[in-house]
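Visitor: I am new to this structure and would like a close look at one part of it. Please begin with a pair of packed helices and then go on to what else can be described.

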Amino acid sequence: MNLQFLFKNPIKETLELSPGYEEHASDVWLVKTNNQEVVVRSSKMKEDPNNEFWWGCKKLFGIDPRQVYELEHVNNTLSKLTSIPIPRVIDKGGILTKEFVVVEKLKGQIVGSFIDQPSSVLQSFGEGLAKIHRHKENFVGNPSRSFQVSLKEFNQHMKDALIELVTRFHFKEERIKSMLPEINNLINELPTPEYSTFVLVDMDPTQFLSDGREITGLVDTEAYVIAPRELDFIALEYVLDVKSVQDFKKGYERVMEIPNLTKCRMPYRYLYRLLEVQGSVDIEGWMGHKTLF
């Protein structure tokens, strides 16, 4: 891919980067010129999102991974909120309908797993996430506010999305289909969310960088939405264990309390399984996963 149109100085080297997992939605390159070393991001998608994750994210929150320019608002806002470094968007440009952004290159190595990380890394992660969660909004949708659902309407909006996700993507999976009425009943009993904030729907260690002492970057922000913070904790239960969650909690609770997940855990777990945030996991194992918060 010739990215020279984004740069005034000649490009000396372009290196394609992999996020460390398959079926990622982004093209990412490390680009070197005489006076800078930066990262360029774009979307692999050309058509409307049509897989479980991105179709669901667009339906629920109004985000589209092809709209890479949105990262300028997301990253620059997050940078002001948290102690976790977020790459600043330096420049942007497009070819036809394909959008590209140039962002800062941050230091550190990709965090392959949160398990067995030093306590200080997990505490810095917890503290940084809590600082993001301190930011409060009164709607569910996308960070640019071009798609908004009121907090009062969110539970019904989620029920409608679950029905469509099952009908569209999981109609052959009898156990998933048979759970839907029970989940809808649980959603009926859910209170209106107190507030919404920035939530990373595909929360995973591979989006973070570390120097072995602390988190040095959150580099994959395409799936940031405005939603109840409880969703981040649902995702975290699948990527932490008993020891790592204790360290994470120490950091988080320096800033604010952990929310009570009792009422929302099952509906939100079901939603995240339909979105396949950790792939096509057995539904029984997914719903019965260990409770960590």
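Guide: Helix H4 and helix H5 are roughly antiparallel to each other, because the axes of H4 (residues 151–169) and H5 (residues 174–188) cross at roughly 175 degrees. Angles under 35 degrees count as roughly parallel, over 145 as roughly antiparallel, 65 to 115 as roughly perpendicular and the rest as oblique. The two axes come within 10 Å; they are lines fitted to C-alpha atoms, for helices over the stretch in contact, with angles from 0 to 180 degrees between N-to-C directions.

The model is predicted: local features need pLDDT of at least 70 and side-chain atom pairs count only at pLDDT 80 or more, while totals for chains, interfaces and linings use all residues. Residues are numbered from 1 along each chain as its sequence is written, and side-chain values use heavy atoms, with hydrogens and water left out. Helices (H or I, at least four residues) and strands (E, at least two) are DSSP runs, numbered from the N terminus.

On the H4 side, the contact (heavy atoms within 4.5 Å) is made by Asn-155, Met-158, Lys-159, Leu-162, Ile-163 and Val-166. H5 contributes Ile-176, Lys-177, Leu-180, Ile-183, Asn-184, Ile-187 and Asn-188. Sorted by class, 8 residues of this contact are nonpolar, 3 polar and 2 charged. Here Ala, Val, Leu, Ile, Met, Phe, Trp, Tyr, Cys and Pro count as nonpolar, Asp, Glu, Lys and Arg as charged, and the others, Gly among them, as polar.

H1 (residues 52–61) and H8 (residues 265–275) pack at an angle of about 125 degrees, with 7 Å between their axes. From H1, Glu-52, Phe-53, Gly-56, Cys-57 and Leu-60 meet Leu-271, Leu-274 and Leu-275 of H8. This contact has 6 nonpolar, 1 polar and 1 charged residues.

Leaving aside residues up to four places away in sequence, Val-201 touches Phe-53, Cys-57, Phe-61, Ala-223, Val-225, Tyr-272, Leu-275 and Val-277. Val-277 is 76 residues from Val-201 along the chain, yet their C-alpha atoms are separated by 7.5 Å. Val-201 has 1% relative accessibility and therefore counts as buried. Buried means under 20% relative accessible area, exposed over 50%, and partly exposed in between (1.4 Å probe, protein chains only).

Strand E10 (residues 208–210) is joined by 3 bridges to E11, and the two run antiparallel. Within that pairing, Leu-209 has Gly-217 of E11 as its bridge partner. Both strands belong to an open, antiparallel sheet of 3 strands in the order E6-E10-E11. At its edges lie E6 (109–110) and E11 (215–218), each pairing on one side only. Two strands pair if DSSP finds at least two bridges between them.

Elsewhere, strand E3 (residues 37–43) is largely enclosed by the rest of the structure, because 6 of its 7 residues are buried. E3 runs antiparallel to E2 (residues 26–33), with 7 bridges between them, and a hairpin of 3 residues joins E2 to E3. Val-28 has Arg-41 as its bridge partner in E3. Another 5 bridges join E3 to E5 (residues 98–104), also antiparallel, and Val-40 stands opposite Val-102 in E5.

Next come the aromatic residues. The whole structure holds 15 aromatic pairs. Rings of Phe, Tyr and Trp (its six-membered ring) pair if their centres lie within 6.5 Å; planes under 30 degrees apart count as stacked, over 60 as edge-to-face and the rest as tilted. Tyr-238 and Trp-286 are stacked, because their ring centres are 3.7 Å apart and their planes at 10 degrees. Tyr-238 lies in the loop between H6 (230–236) and H7 (242–252), and Trp-286, 48 residues away, lies in H9 (residues 283–287). Both Tyr-238 and Trp-286 are buried.

One aromatic cluster is formed by Phe-114, Phe-125, Phe-208, Phe-233, Phe-248, Tyr-252 and Phe-293. Leu-236 of H6 touches Phe-125, Phe-248 and Phe-293, along with Leu-129 and Met-203, not counting residues up to four places away in sequence. Leu-236 is itself buried, at a relative accessible area of 0%. In H7, Ser-244, Val-245, Asp-247, Phe-248, Lys-249, Gly-251 and Tyr-252 are buried; the buried residues of H7 pack against H3 (119–133) and H6.
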